[in-house]
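Hi everyone, thanks for coming. Please bring the model up on your screens, and we'll walk through it together.

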Amino acid sequence: MKRLALLLCTALLSLSAQAAPRAPIHFGEIAWESGSFTTAMLRLIVEHGYGYPTDTLPGSTVSMEVALARNDIQVIGEEWAGRSPAWVKAEQAGEVLALGDTVKNADEGWYVPEFVIKGDPARGLAPLAPDLRSVTDLQRYAKVFADPEAPGKGRFLNSPSGWTSETVNSQKLKAYGLDGLYNNFRSGSGAALDAEITSSIRRGKPVLFYYWSPTPLMGRFKLVRLEEPAFDEQAWATLTDAGNPAPKGSRSLPAKLSIGVSRAFHEQYPDLVAFFSKVDLPIDTLNAVLARMSEQRQDPTLAARAFLKENPQVWRSWLPDEVRGKVEAYLAAN
């Protein structure tokens, strides 16, 4: 009788465990287009191919990296690994890992519209800074990029506060001797930054800004990236440290986009680790997808689903046969 009771108890516990819903995998809710698209694409495959529930949690770049190290979130869909002290510290401690090389030839820097340097006869625009080549040349051209809210100073459009690049750009302004000549303007969001740049370019107004690729903006307009000193690791350390009083100029750390995961996730989901390690998004294809997403104000999930339907040659090799079949069945039904 006792043995029968024990067997019944074990069976009930097993059924209870099977009935209990799985805890969702928490993805960081990334604000910029390429990150939000990649996150949506990964979630669709994880949910409909592997059967794991997911959700997203918001936060700034650095706060998400800290949360990842604590396993409060498990995945950051687009991680510019090695750029922030928070990531470097967590990676060295083995608390986070960067999987794959998801977008080759990604880059970031300071840009101006081509018409600022070359003019645009078709639009009746004369060149306003014909000798502008490098960031140090900006010392002569502050009036060209005049800040409408602060006469006598130029305006530099920085990243939103909370992004690692915002710290780097703020330090670069000091390193290049521009902090007294230009106002360091932080946009409220990636979308706000994009909107201000786009509005200026369409009106033929000069604008100086930080930007990166992959993004829809790169495919829409003719832009010129300003030259900077070659990358130097010691200089880079002074740029990522907001408290360093004497930052040194340098190009940004060469970009490697990866999928950031927590140590616990890496141990718990070897199937997803194998998938994430194979993700490879061609940058030209991705820029085109992002441009369409932006122009049509398309929800990232809808853009990701359309991408998977239209580009099976890109993603099919990332997945085992059974998982690939489930994703294809989902796409066929939606």
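Let's begin with strand β5, residues 107-113, which is joined to β9 by three bridges, the two running antiparallel. In that pair, Pro113 stands opposite Leu223 of β9. A word on terms: helices (H or I, at least four residues) and strands (E, at least two) are DSSP runs, numbered from the N terminus, and two strands pair if DSSP finds at least two bridges between them.

Before going further, please keep in mind that this is a predicted model, where local features need pLDDT of at least 70 and side-chain atom pairs count only at pLDDT 80 or more, while totals for chains, interfaces and linings use all residues. Residues are numbered from 1 along each chain as its sequence is written, and side-chain values use heavy atoms, with hydrogens and water left out.

Now, in what order do the five strands of the open sheet come? The order is β7-β6-β8-β5-β9, with mixed pairing. At the edges stand β7 (182-186) and β9 (223-225), each with a single partner strand, so one side of each has no neighbour in the sheet. On average, neighbouring strands are turned by 35° against each other, direction ignored. For angles like these, axes are lines fitted to C-alpha atoms, for helices over the stretch in contact, and angles run from 0 to 180 degrees between N-to-C directions.

Two helices lie across this sheet. Helix α6 (residues 164-175) lies across β5, β6, β7 and β8, at about 155° to β6. Helix α7 (residues 190-202) lies across β5, β6, β7, β8 and β9, at about 120° to β8.

Next, helix α2. Two packed helices are described by the angle between their axes and the distance between the axes. The axes of α2 (residues 33-50) and α11 (residues 270-278) come within 12 Å and cross at roughly 135°. The two are therefore oblique to each other; angles under 35 degrees count as roughly parallel, over 145 as roughly antiparallel, 65 to 115 as roughly perpendicular and the rest as oblique. Their contact (heavy atoms within 4.5 Å) is made by Leu42, Ile45, Val46 and Tyr50 of α2 with Asp271, Leu272, Phe275 and Phe276 of α11.

What angle does α2 make with α15 (residues 321-333)? They pack at about 105°, with axes 8 Å apart, and that makes α2 roughly perpendicular to α15. Here Leu44, Ile45, His48, Gly49 and Tyr50 of α2 meet Val323, Lys326, Val327 and Tyr330 of α15.

With α12, helix α2 packs at about 100°, the axes being 10 Å apart. That again makes α2 roughly perpendicular, this time to α12. On the α2 side are Glu33, Ser34, Ser36 and Phe37, and they meet Leu286, Val289, Leu290, Met293 and Ser294 in α12.

On to charges. Side chains of opposite charge can pair when their charged atoms come close. A salt bridge is a side-chain nitrogen of Lys or Arg within 4 Å of a carboxyl oxygen of Asp or Glu, and the whole structure has 17 of them. One joins Asp280 and Lys104, at 3.2 Å from N to O. Asp280 lies in the loop between α11 and α12, and Lys104 in the loop between β4 and β5, so the pair ties together parts 176 residues apart in sequence.

Finally, two backbone details. The peptide bond from Ser213 to Pro214 is cis, with omega near 20°, and Pro214 lies in the loop between β8 and α8. Asn71 is not a glycine, yet has a positive phi of about 65°; find Asn71 in the loop between α3 and β3.
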